[in-house]
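Me: I'd like to learn how to read a model like this one. Could you walk me through a few features?

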Amino acid sequence: MSDVRNDDALTALSAPIDPETLARLHARLEHEAHAEGLVDVAYTTVDSPVGKLLLAATTKGLIRVAYAREDHDRVLENLAEKVSLRILRAPKRLDDAARELDEYFDRRRKVFDLALDLSLSRGFRQLVQRYLPEIGYGQTRSYREVAELVGNPRAVRAVGTACATNPLPVVVPCHRVLRADGSLGGYVGGVDAKAILLELEVAA
Amino acid sequence: MKQPFESVVAQHSVTVLRVCRALLGVQDADDAWSETFLAALRAYPDLPETANVEAWLVTIARRKAIDVQRAAKRDPLPVETLPEAPTSIGVPGTDDTDLWEFVGRLPGKQRQAITFRYLAGMSHAEIAAILGGTVDAARRAAADGLKTLRKHYPGANTKGAVQ
């Protein structure tokens, strides 16, 4: 290709495109793809006191909240594999979730009122995740108590796994489940994030 | 493993826009870009994993460019003032409407050949498959197109002397 290197005409043809042009085209694509029902998974990212959160929703509801340490690119690849390849950065569908999270972190909201799509978990994990919102704001339970409450007192370890694999952290409050001795235990967003959320709820 | 569609947009958005501009001019390129990615989003789940995504998009873009042209039922090159604002980056040639006008004046096959060759990086064989005809004909069309373009668009040093 040496014959065309530094060729002015070709350089001009392949000159950079104004970022605003690309942003405008992307917004148009979001709008038209939504209108044609082609966005199976819409996502956006929001800033929060526990770092940048990725929010993703299907047409059924919020399907994923992910911490930065989970690696957002990998989370999206996983959604592509498990849900649909038709994934688009389209913040509009996440407006309600973003607003409610904002209110939560601002201590103006204690309960999330959002449609959820729990299809990323199955069986016992999903059962536990469905139960978790019943642990009220500012309260905590032990893994053992949760196991008892879902009617399977010996499944303490499985409750731990269900919390660790919660696809909707913060919104589905697995951070309210602690070890029996009161120590924090693990957390998908890291122990620091768990402590921040618990402190935030206590202080409210 | 196939990427989420958003990654496809992020990676190929610029190339597809350049291709659309080269085929249609700046004004109608947005419509073709938009139609291209909508069609691609629709068909993406069925695209084989081994497919060359960029070549696939360029093929769609060419088809959509033809559709936009037909729908407009007018000369493919609008002559009115183009709405693009000048870039602040200051790179010569960015959104250079003169250049797109020259590209638009090339004969159809030459215009497509240089677009696919130099903007989409396709091989002459791939271009021949799209345009029909032989690989040699595709090579010639690209070379002739480039030659014509150089003649009419000699670049910055002599730009002031043109017209």
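Predicted model: local features only at pLDDT ≥ 70, side-chain atom pairs only at ≥ 80, totals over all residues.

Me: What radius of gyration does chain A have, next to a compact globule of 204 residues?

Reply: The radius is taken over C-alpha atoms, and the globule rule is 2.2 Å times the number of residues to the power 0.38. Such a globule would come out near 17 Å, but chain A has 21 Å. Its C-alpha trace spans about 75 × 35 × 35 Å along the principal axes.

Me: How many helices and strands are in chain A?

Reply: Both are DSSP runs numbered from the N terminus: helices are H or I with at least four residues, strands are E with at least two. Chain A has eight helices and six strands.

Me: In what order do the four strands of the open sheet in chain A come?

Reply: Strands pair if DSSP finds at least two bridges between them. Here the order is S3-S2-S1-S4, with mixed pairing. S3 (62-67) and S4 (87-89) of chain A are the edges, each with a single partner strand, so one side of each has no neighbour in the sheet. S1 (residues 41-46) of chain A runs parallel to S4(A), joined by three bridges, and Tyr43(A) sits opposite Arg89(A) in S4(A).

Me: On to helices: at what angle do H5(B) and H7(B) pack?

Reply: Two packed helices are described by the angle between their axes and the distance between the axes. Axes are lines fitted to C-alpha atoms, for helices over the stretch in contact, and angles run from 0 to 180 degrees between N-to-C directions. H5 (residues 108-119) of chain B packs on H7(B) at about 95°, axes 8 Å apart. That makes H5(B) and H7(B) roughly perpendicular (65 to 115 degrees).

Me: Is Gly145(B) buried or exposed?

Reply: Buried means 20 or more other C-beta atoms within 10 Å of a residue's own, exposed 12 or fewer, partly exposed in between, with C-beta atoms placed from the backbone. Gly145(B), in helix H7 (residues 135-152) of chain B, is buried because it has 23 C-beta neighbours inside 10 Å.

Notes. Residues numbered from 1 in each chain as written. Chains lettered and ligands numbered in written order. Parallel < 35°, antiparallel > 145°, perpendicular 65-115°, else oblique.
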